[in-house]
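Have the sequence and the 3D view ready, and follow along.

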Amino acid sequence: EHSPKWRINMKQNEKGLMQWEKDFLISVTILIIATIIAHIFFYQTAHNINVPMIYTLATFFISRYTKGYGWGIVSSLLSVIFINWRFTFPYFKINFMIDGYPMTFLGILVIAIITNMTTTSLNREKEAAVKREKELAKLNEYNKQINELQIEKEKEKMRSNLLRAISHDLRTPLTGMIGASSTYLEAKDQLDEEAKDQLVMGIKEDANWLLNMVENLLSITRIQSNGSDTQPHVKKVPEPLEEVVSEAIQRYHKRYPDSELKVKIPEDFLMVPMDPTLIEQVIMNLLENAWVHAGTRGPIELDIKEEEKNVVFYVRDHGVGIEPERIAQIFDGCAGAIDHESRKGMGIGLSICKSIVMAHQGDVYARNYEDGAEFSFSLPMDEEELTEEEKL
């Protein structure tokens with residue numbers, strides 16, 4: 001058995017031999033065609049034709065379609081000799097000593113060789129450019145694959161975080177509802193009306209919270225059903241900012257009538273590219289998060305500003321703020337899963353906010369703000385990002 005190196009050398013030699021045969025056939029074919037053309041014009045014009053120009057052109061084509069300098073130079077020498085032998089008087093004799101012919105044929109030879117070298121150099125530059133383009137295409141394809149793997153990894157991480165958040169957030173209210181209903185059924189004769197009302201109110205609150213959970217899960221399904229395989233995406237259409245914010249506030253006040261909310265929106269009429277249902281859900285989630293987890297019952301601020309090419313939504317509370325070590329992962333779905341001060345953690349709500357905003361090509365942030373916490377997200381105003389289908 002032969003070594004791999006020997007087999008590689010054999011393949012290279014075979015490839016070189018095939019290229020040599022190909023270049024030989026190209027050179028011979030072009031020279032034959034040039035000779036036929038030269039004879040036709042030579043006799044039709046009564047020998048008054050510049051035959052060397054035909055062979056110079058043939059040399060150009062040989063240099064263009066063969067590899068390296070050799071074939072063009074050899075064809076140049078053969079062309080000069082053949083022109084002297086066949087097309088220069090006395091015919092069918094080689095005589096470079098005729099007056100004026102040595103310099104003439106030397107000039108022809110030099111021109112042919114220069115043409116050959118120039119053409120060959122251009123061919124090599126073209127081959128190098130094609131090679132660079134192929135390498136660049138391979139690099140781009142590699143980077144694309146890496147980006148797709150990173151996106152898939154991020155999506156898998158998001159799924160895991162959502163599953164952890166859902167498992168916690170579903171268990172907590174369901175446990176409360178089961179406990180309250182069991183207490184009501186088993187001890188209803190011993191409970192007064194006030195205690196019964198409290199149990200029923202607790203069941204109602206947990207049921208409303210589960211309803212909000214279902215709305216959030218439906219939002220995620222909406223993103224996935226409209227998205228591509230590699231990047232979350234939503235169908236965006238220009239919507240009046242005031243109407244979307246108004247709908248979200250009405251939903252929030254209906255669920256939390258005791259909450260005090262201060263709203264500031266731009267005076268200009270703004271049409272923002274968005275999925276209105278999903279953005280309402282983001283606003284609702286952030287307002288609910290501020291009300292449930294602020295630790296106080298102070299006013300909540302919703303401040304909306306137009307900044308450069310974005311519309312930015314700020315939700316601020318006047319509560320205990322966010323623990324510094326939790327800020328970096330607070331939108332990952334698990335940062336709020338363990339909450340000893342509340343029956344339900346932030347869990348899935350903030351994670352879904354991030355998913356929705358990222359699907360809109362926006363950004364979402366969280367930070368401590370003066371005497372409380374501030375959550376914000378941005379939506380791009382640039383309508384050029386919309387496809388023709390989305391604009392329709």
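## Before we start

Keep in mind that this is a predicted model.

## Aromatic pairs

The structure holds 15 aromatic pairs. One of them is Tyr 55 with Phe 82, a tilted pair with 6.1 Å from centre to centre and 55° between the planes. Tyr 55 sits in helix H2 (residues 51-65) and Phe 82 in helix H3 (residues 70-86), so this pair ties together parts that are 27 residues apart in sequence. How covered are the two? Tyr 55 is buried, at 3% relative accessible area, while Phe 82 is partly exposed, at 25%.

Another tilted pair joins Tyr 256 and Trp 291, with 6.4 Å between the centres and 50° between the planes. Here Tyr 256 comes from the loop between helix H6 (241-255) and strand S2 (261-264), and Trp 291 from helix H7 (residues 276-293), so parts 35 residues apart in sequence are tied together. Tyr 256 is buried, with a relative accessible area of 15%, and Trp 291 counts as buried too, at 11%.

## An aromatic cluster

Tyr 55 and Phe 82 also belong to one aromatic cluster.

## A negative patch

Now for the surface: which residues gather in a patch of negative charge there? They are Asp 192, Glu 193, Glu 194 and Asp 197.

Take Glu 193 as an example: you'll find it in helix H5 (residues 193-226). Glu 193 counts as exposed because its relative accessibility is 55%, and exposed means over 50%.

Conventions. Residues are numbered from 1 along each chain as its sequence is written. This is a predicted model: local features need pLDDT of at least 70, side-chain atom pairs count only at pLDDT 80 or more; totals for chains, interfaces and linings use all residues. Side-chain values use heavy atoms; hydrogens and water are left out. Patches are made of residues with over 30% relative accessible area and no salt bridge: like charges are joined within 9 Å, nonpolar side chains (Val, Leu, Ile, Met, Phe, Trp, Tyr) within 5 Å. Accessible areas come from the Shrake-Rupley method with a 1.4 Å probe; for residues, only the protein chains shown count as cover. A salt bridge is a side-chain nitrogen of Lys or Arg within 4 Å of a carboxyl oxygen of Asp or Glu. Lys and Arg count as positive and Asp and Glu as negative; His and the chain ends are not counted. The place of a charge is taken as NZ of Lys, CZ of Arg, CG of Asp or CD of Glu. Helices (H or I, at least four residues) and strands (E, at least two) are DSSP runs, numbered from the N terminus. Buried means under 20% relative accessible area, exposed over 50%, partly exposed in between (1.4 Å probe, protein chains only). Rings of Phe, Tyr and Trp (its six-membered ring) pair if their centres lie within 6.5 Å; planes under 30 degrees apart count as stacked, over 60 as edge-to-face and the rest as tilted.
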